[in-house]
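Student: Hey, can we go through this structure together? I'd like to start with the contacts and then see where we end up.
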Amino acid sequence: MILSNRQERRLPYLLISPTVAVLLALSIYPLFYSIKTSFQTGDDAHFSFDNFTRLFSDGFFLSATAHTFVFASLALTLEFLIGLGLALLLDSKLRGKNIFRAVLLVPMMLPPVVVGVVWRLMLNSDFGAINGTLKSFGVDTTNLTWTASPKLAFLSIIIVDVWQWTPFVFLILLAGLQAIPNEPYEAALIDGSSAWQTFKNITLPLLKPAILIALLLRTMDLLRVFDSIFILTEGGPGNATETISLYIYRTAFRFGDFGYATAMSFVLLILTNIISATYIRFLQKQDTV
Amino acid sequence: MCRHSSFSLKVFVLLLVVSIVSFPACNRGGDEKVLTIAVVSGVEGDALTQAAKDYEAQTGVKIKIAQFPYTNLFEKELIDLQSKTGAYDLIMLDDPWFPKFASLNSMSELTPFFQKKNLAGPDEDFVKTSLALCRHPYESGKLFALPYVGNSQLFFYRKDIFEKHNLKSPETWDDVLSAAKIISEKESMKGYVMRAASGNSAVADFMPIFWAYGAEMFDANGNPTVNSAEGIAALKMMLELGKYSPSGYASFGADEVSNHLLQGTAAMSINWPAWISAFSDVNKSKVIGKMEFTTMPGAKNPGRAEIGNWLIAIPQAARNKDAAFDFLLWATDKQQMKLSATRGNPPTRASLFKDEELLKKNPAYPVQLKSLESSRPRPRTPQWNEIENVFGIYLSKANSGEMSAEDAMNKANEEIKKIVERGK
């Protein structure tokens, strides 16, 4: 088909119009609708900041925020340290490392819901595999009620997230390691640098971009995590493992208070944006050095 | 000129064809005579599902069942009623949800449907306490549902263990505590078991103790009074009982409680009659014939169980309301309810509790009827969900040792007050 100049100019717009229409209908419109909802309380349609001011005096929201940040920082630290360790290990000339790499990636490929259900069964204090295994080693498991005690429940959700997402960090860091050229290492060898000095002065600085990407992506996800925690503890016992996303869910779907829930969602969105922007600024600073 | 218009025309026709072809995908139910019923997973919902299949076989009316676990069912029905989507023609609801659903003004009033059939309303055979739940306001208002499953709590205990230690059937909570102590010390099992998971679980197992001690959730003006001296005393009794319960009870739900009883690792509990049949099931029970069921122990006040009936209502936005009402009337008539009873659901008709055939398989029916007739509903406020949620969190915290009884009740009262204020 030979197109005239005008048709050629119009064609791209015509072709993307269905996508744009879907985007407007399913993303943009709901976004603005929920902004509108967050300024309404109860059945009144009049504009009020009540939902936002309520956030500051709501003990459950404040503890949900605290839980989210503690969870995210602990999980992130563990995932980073373990992921880095695994990446360094598998970057060497280890025999059969391809098999290890494939196996390590399996947790990441499972749906979070499935991970949640299976871990919940394993963590069952009376019939689960974890306590069963510990018992066979002679450990007294009567007080190891994983999902029943507040501290253990919190530990459980961290363990499950670390189990599932460390492979992701590992993958990114491994790619970063393999992209580092050999020359700096050869130079360091000639200069007589120790293993630790090499790691600190060559590996880490050259790995920084990859590290920041991994941390950025994981942080954004950790702030939003819902599926696995919902299945494991549903925010319990009490509200010991309730993160912001779980509280939003409870407010919207158990109490039907959509105004307050959307207000909280926006606060979460803004928080995530600020943190991500900070990471990215850090990343850009590294590039200019 | 011709080339321009033929190109635009082709694109236009293509888009038109694509949109038309995708329309049938969003079928807006052109089917008449197909009823969609939302039911709960478990014994209660399974019985209604069976009844629906029978109805289909008898009348040819097609019925689609949408079955969900308890909390999912609540969410789906809430959304359906709030946005009036008409996705369901009949909904099965737990009675504590009723005030909230009724306040949305989106369930159909049933009296006009009765009148169309030349009936004044539901007949006298329905247990009064069950029918009262279906009216908004409670007991005196308009009728919006019919009761289908007549559950009210019972007290379960191991009569063989009690006989072994010369213990009388427990009549007060102090009796329960002393029996629990003796059994926990002298036997390898725990004396008591309860569910104290946050939310519905903890509250349902706490209310009978709370009421027996003379505490009330609200005073005459609607102000919360859970932290009254009686309320705190009731919570302290619950914590005492917790000492003789299996560890981890602070996050137990109904399944864990029943498992402990069925496996013989605990001797007493509050539970729902739906579990009675499991105790004589060879595949599930290690304690066949050893369990006794009685009415709720009392304290300052006579024991009153918490009522927990499943009701069936018709949303206003339902597409086949008349057909739905025909099914509802059929499913709650004496014959169908008797069938439902053989499938494990306590009936809501007084005559069926005395039916000879049913009594053979359900010897606990007289006790159940007594319990049902003297039972109390949870407070009939549309904000019950939020209140139960918050109350349940603090009860759970007290039981897991995070807070003292006084702190838990005081904080709970504060939060409940906030919720009540917001609702005004």
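Student: Which residues is Leu311(B) in contact with, leaving aside its neighbours within four places in sequence?
Tutor: Keep in mind that this is a predicted model. Leu311(B) contacts Leu93(B), Asp95(B), Phe98(B), Leu133(B), Cys134(B), Ala145(B), Leu146(B), Pro147(B) and Tyr148(B).
Student: OK, and which residues touch the most other members of the largest nonpolar core?
Tutor: Leu311(B) again, together with Leu90(B); that core has 125 residues. Helix 9 of chain B, residues 200–212, gives the largest share, nine residues. Domain 1 and domain 2 of chain B each put in at least three residues.
Student: Where do those two domains run in chain B?
Tutor: Domain 1 is 34–151 + 308–373, and domain 2 is 154–306 + 380–423. Taken over C-alpha atoms, their centres are 27 Å apart.
Student: How many residues does each one bring to the contact?
Tutor: Domain 1 of chain B brings 16 residues and domain 2 of chain B brings 17 residues. On the domain 1 side, helix 17 (365–373) is among the helices that supply at least two residues, and the largest share, four residues, is from helix 17.
Student: Switching topic: how many residues does the contact take from chain A and from chain B?
Tutor: 20 residues from chain A and 21 residues from chain B. On the chain B side, helix 18 (384–399) is one of the elements giving two or more residues, and the largest share, six residues, comes from helix 18.
Student: What's that side like by class?
Tutor: The chain B side that touches chain A has ten polar, six nonpolar and five charged residues.

Terms used:
Residues are numbered from 1 along each chain as its sequence is written. Chains are lettered from A and ligands numbered from 1 in the order in which they are written. This is a predicted model: local features need pLDDT of at least 70, side-chain atom pairs count only at pLDDT 80 or more; totals for chains, interfaces and linings use all residues. A nonpolar core is a set of buried Ala, Val, Leu, Ile, Met, Phe, Trp, Tyr and Cys residues joined through C-beta atoms within 7 Å. A residue is buried if 20 or more other C-beta atoms lie within 10 Å of its own, exposed if 12 or fewer, and partly exposed in between; C-beta atoms are placed from the backbone. Domain bounds come from an automatic or database domain assignment. Two residues are in contact if their C-beta atoms, placed from the backbone, lie within 7 Å. Ala, Val, Leu, Ile, Met, Phe, Trp, Tyr, Cys and Pro count as nonpolar, Asp, Glu, Lys and Arg as charged, and the others, Gly among them, as polar.
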